[in-house]
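Here's a quick briefing for anyone meeting this structure for the first time. Take a look at it, then read on.

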Amino acid sequence: MTDQLSNSERIQAGLARRYRAEKRFRLYGIIAVVLAVGFLAVMLSAIGARGFGAFYQTHASLEVTFDEELVKDKDWQGIVKVAMRKSFPDVKARRDKRKLYKLMSSGAGFDLQGMYKADPELLGQTRTVWLPTSDDIDMLMKGQIDRVLAEDDRRVSDKEITWVDQWIASDRIELQFNTRFFTGGDSREPELAGILGAVMGSLLSLTVCLALSFPLGVMTAVYLEEFAPKNKWTDIIEVNINNLAAVPSIVFGLLGLAMFLNFFGMPRSAPLVGGMVLALMTLPTIIIAGRAALRAVPPSIREAALGMGASPIQTVTHHVLPLAMPGMLTGTIIGMAQALGESAPLLMIGMVAFIVDVPAAFTDPATALPVQIYLWADSPERAFSERTSGAIIVLLGFLITMNIIAVFMRKSFERRW
Amino acid sequence: MYVTPARRAKKAVEAVIKGILITSSTVAILTTVGIVASLLFEAMRFFGEIPFVDFMFGTEWSPQTAIREDQVGASGSFGAVPLFAGTLLISAIALAVAAPVGLFAAIFLAEYAHPKLRNWVKPILEILAGIPTVVYGFFAALVVAPWLRGTGEVAGFDVSSESALAAGLVMGVMIIPLISSLSDDVINAVPQSMRDGSFGLGATKSETIRQVIIPAALPGIMGGMLLAASRAIGETMIVVMAAGLAANLTANPLQAVTTVTVQIVTLLTGDQEFDSAKTLAAFALGLMLFVTTLVLNVVALHIVNKYREQYD
């Protein structure tokens, strides 16, 4: 009796400690989840807060005269300069004038050129036009440059600030939607840089990638799941595919450099080669998803088709494949999303060059959206950090859309047998 | 025009289609062969110029191409030990972050969390896995590294602006979902009867997890950790953007180190002739990277598969 009592007493004594340990353990779990989710929240909000500004660009309104002489010389920037002098008639000294011109973007003239091309009637006329300012003024207007700092410590001088303040006082400067960001190619000037070139590069690469990896992936999955005998050879293929899925992406880039560029002599920096490398990389993902989708089709379907006299190939193409297609497409979209975010292998095959033109063909030199982010992240200008975040927002937007489509397809085509 | 009952057209067509299917399934094999062949071929040329032993055990890394034939130090030195050490340091930091966080998150989600909460948190963790690595790299270089440097200054440490710690921390967050989802799988594979037995003997939930579930799931968890390590070693963009370029042989996480992948990228971006030891060195490094990650993957997949059979 006494023995038993002391036993339960012993348990009682330890109980509080054990419950505390239980609570602590649970708390560790909560902390882990909060840490992971918190990091995601911090990262996304930091990038969101920085990148939002990239969608707006400071423009100033100028009274522009399409002077016949200057238009004939194609001195579009000269027209901007004349207009600037007219806006600030007090500025007389040469050095000040040069500074004054720098308020405007060096690409402001292109806008005028575009206007003139669209409407040659403008010759000799005067119009009020909103033109982009330089990136420093843009940063000043967005509050990224601290006016309180000593003059030598900031990128904008006191004089420039007074000019900008005059503009602000007369409502001739404002933030406008930055269309150039979505319609322009890369540029050394942050206010002129756009992502269209990179988006097109990604699009071309993904087209090649999809055209190669989808048929190859589906055919491989069909062979392995429906026809392949269980032998050593198919075992090797299977192990090989699983390992290929875990090979670091940069190794695929090395393969592309040594094989496609140096051995086969394909063009450098081309979306064609980029797409091929990405296709090899996403192939395992598509095969693995495709096999899972084929396995989910019940054997009774195959047996019924074979029983009705269909040949093995007919059974697969008429019955099994259509039923497995939604699953395969879901896997393909996820694979494409992976390929869209990948940059390391593209660095290896030279898709990191500074390219102003928007690529139009598979062999044009191009970059890709993630590589553009990498390139801009390296640029020292404060305004480029904003553009980088803006490009990241666009990239994440694409990825989220693709994943939502994949989830939606999985949900709507999901079937229980 | 030659269709006759005797002619078995269907059989011929099907044989051709099957042939196409078989051919496409060899593409995966050809890719592996291509990787091995291109890496081996270029690496062999490299080892023809620089002895293998110097590469594997040399402690000085300063690759450079000679502009003139008679230049001082024209050959450069290709001792890869500082790169291996740097890679290991950053990967170790990443695992030190990801292993506990990923494992505890998996345990919490599998054993404690309400199903509703789990349905919300699991997709959020998967978002972490879907974010491109270049975004992590940007965040590491632009937010985490300056923040660490600032905190270090306040605390009196000298933190490099390209510290191994910043790259490692962010890389750790990147591999959390990998560890948590693999651990989640193996924890869920532990049969309910083992939990019930433990509860029946009077163990609390945490005691059951620590003394029954984790030991039972340990091989699978270890497999997941090895896969995560292989991911960390092969990760490129985060380290390219947030880690250093100079090859320092140090174990101090506050200093800048460089990694194998960073060096591959620096050696191969930019124009240079394809025959110099400098470019070939990148392939030797690539071969090392491929072999290391392959061994880790094979071992990890073997452990995971072997363990899975136990309860089936």
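What follows is a short tour by topic: ground rules, domains, sheet, a helix pair and the chain contact.

This is a predicted model, in which local features need pLDDT of at least 70 and side-chain atom pairs count only at pLDDT 80 or more, while totals for chains, interfaces and linings use all residues. Residues are numbered from 1 along each chain as its sequence is written, and chains are lettered from A and ligands numbered from 1 in the order in which they are written.

**Domains**
- Chain A splits into domain 1 (58-176) and domain 2 (196-413), with bounds that come from an automatic or database domain assignment.
- Taken over C-alpha atoms, the centres of these two domains of chain A are 46 Å apart.

**The sheet in chain A**
- Three strands make an open, antiparallel sheet in the order 2-1-3; helices (H or I, at least four residues) and strands (E, at least two) are DSSP runs, numbered from the N terminus.
- Strands 2 and 3 of chain A sit at the edges with a single partner strand each, so one side of each has no neighbour in the sheet.
- Strand 1 (residues 56-65) of chain A pairs with strand 2 (residues 126-132) of chain A over 7 bridges, and pairing takes at least two bridges found by DSSP.
- In that pairing, Leu62(A) stands opposite Val129(A).
- Strand 1 of chain A also pairs with strand 3 (residues 173-177) of chain A, over 5 bridges; here Ala60(A) faces Ile173(A), and Thr58(A) has Leu175(A) as its bridge partner.

**Helices 16 and 17 of chain A**
- The axes of helix 16 (residues 369-377) and helix 17 (residues 382-413) of chain A come within 9 Å and cross at roughly 160°; axes are lines fitted to C-alpha atoms, for helices over the stretch in contact, and angles run from 0 to 180 degrees between N-to-C directions.
- That makes the two helices of chain A roughly antiparallel, a label for angles over 145 degrees.
- Residues making the contact include Trp376(A) of helix 16 and Phe384(A) of helix 17, where contact means C-beta atoms, placed from the backbone, within 7 Å.

**Where chain A meets chain B**
- 65 residues of chain A are in contact with 65 residues of chain B.
- On the chain A side, helix 1 (residues 2-51) gives the most, with 18 residues.

Definitions and conventions
Parallel < 35°, antiparallel > 145°, perpendicular 65-115°, else oblique. Contact = placed C-beta atoms within 7 Å.
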